[in-house]
Amino acid sequence: MTMTVSEAAEQVGLTTYTLRWYEQEGLVEPVGRDSAGRRRYTQQDVDWLLLLTRLRRTGMPVRDMREYAELAREGDRTLGDRRRLFEAHRDRVLARIAELEDDLKVLNYKIEVYGKMEQELP
């Protein structure tokens with residue numbers, strides 16, 4: 001079973017323009033086409049796109065995503081390189097989470113302070 005570009009876009013939460021851009025940027029292997037030349041996405045294509053959207057959502061630069069895609073195409077001999085790429089990205093994500101937790105503490109403090117101040121108003 002295959003999907004149209006709009007069906008695939010809906011499944012992964014991207015626009016059709018973004019799917020085409022991913023393909024142009026080398027993040028996605030060229031997608032198969034039907035007899036009329038329209039893109040047809042497989043479930044494997046959608047799964048790959050879902051991974052890419054998660055990488056992007058966690059802040060991975062497109063440059064690193066492109067490197068990962070190229071390494072994946074080279075096969076199992078690049079497993080170590082792919083693991084190292086993901087480890088480095090995980091470290092950046094964990095650092096960002098720690099920053100966000102610190103920011104959240106400040107927000108919670110301010111909410112608490114303003115709540116107390118509101119209660120003290122006449």
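Figure 1. The UniProt annotation "domain: HTH merR-type", from an unreviewed entry, covers residues 2-71; UniProt positions are given in the numbering used here, feature names are shortened, and annotations may be inferred rather than shown by experiment. This is a predicted model, in which local features need pLDDT of at least 70 and side-chain atom pairs count only at pLDDT 80 or more, while totals for chains, interfaces and linings use all residues. Residues are numbered from 1 along each chain as its sequence is written, and side-chain values use heavy atoms, with hydrogens and water left out. In residues 2-71, the end C-alpha atoms lie 26 Å apart, and the span is 60% helix and 0% strand. Helices (H or I, at least four residues) and strands (E, at least two) are DSSP runs, numbered from the N terminus.

**Figure 2. Helices α1 and α3.** The axes of helix α1 (residues 5-12) and helix α3 (residues 43-57) come within 9 Å and cross at roughly 40°. Axes are lines fitted to C-alpha atoms, for helices over the stretch in contact, and angles run from 0 to 180 degrees between N-to-C directions. α1 and α3 are therefore oblique to each other; angles under 35 degrees count as roughly parallel, over 145 as roughly antiparallel, 65 to 115 as roughly perpendicular and the rest as oblique. The crossing of these two helices, α1 and α3, is right-handed. A crossing is left-handed if the near helix is turned anticlockwise from the far one by less than a right angle, and right-handed if clockwise. From α1, A8, Q11 and V12 meet Q43, V46, L49, L50 and T53 of α3. The residues of this contact of α1 with α3 divide into five nonpolar, three polar and no charged. Ala, Val, Leu, Ile, Met, Phe, Trp, Tyr, Cys and Pro count as nonpolar, Asp, Glu, Lys and Arg as charged, and the others, Gly among them, as polar.

**Figure 3. Two residues of helix α3.** L49 is found in helix α3 and is buried, with a relative accessible area of 0%. Buried means under 20% relative accessible area, exposed over 50%, and partly exposed in between (1.4 Å probe, protein chains only). Not counting residues up to four places away in sequence, L49 touches V12, L19, Y22, V28 and Y41, where contact means heavy atoms within 4.5 Å. L49 and Y22 are 27 residues apart in sequence and 8.8 Å apart in space, C-alpha to C-alpha. T53 also lies in helix α3 and counts as buried at 14% relative accessibility. Leaving aside neighbours within four places in sequence, T53 is in contact with V12 and L14.

**Figure 4. Helices α3 and α4.** α3 and α4 pack at an angle of about 145°, with their axes 10 Å apart, and their crossing is right-handed. W48, L51, L52, L55 and R56 of α3 make the contact with V62, M65, Y68, A69 and A72 of α4. By class, the contact of α3 with α4 has nine nonpolar, no polar and one charged residues.

**Figure 5. Helices α4 and α5.** Helix α4 (residues 62-74) packs against helix α5 (residues 79-120) at an angle of about 155°, with their axes 9 Å apart. That makes α4 roughly antiparallel to α5. α4 passes α5 in a left-handed crossing. The contact is made by D64, E67, Y68, L71 and A72 of α4 and D81, R82, L85, F86 and R92 of α5. These residues of the contact of α4 with α5 divide into five nonpolar, no polar and five charged.
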